[in-house]
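Have the model open while you read.

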Amino acid sequence: MPALAATATPEATLTGLLCLATVIATLCYGLGCWLWPFGACRKCKGSGKRRSPFGRAFGLCRRCGGDGRRLRTGRRIINSLRELHDKGTR
């Protein structure tokens, strides 16, 4: 009986490529959150204003406080990891 050589299966190759693509996408998102920590507020679409129900008066957006920006989720994670690291090094 001839000896069979170990070969990579297509499923293993596909799984490895999927894991690599996930790691690359996560690193790119983390870099984007580090460089650009703020995104536009979803409620006011970055304007910082909200309209009254009748459309005449303006007020400040409650979600962003009239700033028009929000801290991205990835940046919140980076900040919490940094805070955890700082607590551990003291």
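## Salt bridges

The structure holds 2 salt bridges, a salt bridge being a side-chain nitrogen of Lys or Arg within 4 Å of a carboxyl oxygen of Asp or Glu. Keep in mind that this is a predicted model, where local features need pLDDT of at least 70, side-chain atom pairs count only at pLDDT 80 or more, and totals for chains, interfaces and linings use all residues. Residues are numbered from 1 along each chain as its sequence is written, and side-chain values use heavy atoms, with hydrogens and water left out.

As for cover, buried means under 20% relative accessible area, exposed over 50%, and partly exposed in between (1.4 Å probe, protein chains only). Arg-69 is partly exposed because its relative accessible area is 42%, and Asp-67 gets the same label at 44%.

The other pair is Lys-87 and Glu-83, whose closest N and O atoms are 3.7 Å apart. Both sit in helix α2, 4 residues apart, or about one turn of the helix; helices here are DSSP runs (H or I, at least four residues) and strands are too (E, at least two), numbered from the N terminus. Lys-87 counts as exposed because its relative accessible area is 58%, while Glu-83 is partly exposed at 47%.

Leaving aside residues up to four places away in sequence, Arg-72 touches Tyr-29, Gly-32, Cys-33, Trp-36, Pro-37, Phe-38 and Gly-39. Contact means heavy atoms within 4.5 Å.

## The nonpolar patch

Leu-31, Trp-34, Leu-35 and Trp-36 make a nonpolar surface patch of about 490 Å². Patches are made of residues with over 30% relative accessible area and no salt bridge: like charges are joined within 9 Å, nonpolar side chains (Val, Leu, Ile, Met, Phe, Trp, Tyr) within 5 Å. Accessible areas come from the Shrake-Rupley method with a 1.4 Å probe, and for residues only the protein chains shown count as cover.

Trp-36 lies in the loop between α1 (10–35) and β1 (38–40), and is exposed because its relative accessible area is 56%.

## Asn-79 and Trp-34

Asn-79 is in helix α2 (residues 73–88) and counts as partly exposed because its relative accessibility is 29%. The C-alpha atoms of Asn-79 and Trp-34 are separated by 9.7 Å, with the two residues 45 apart along the chain.
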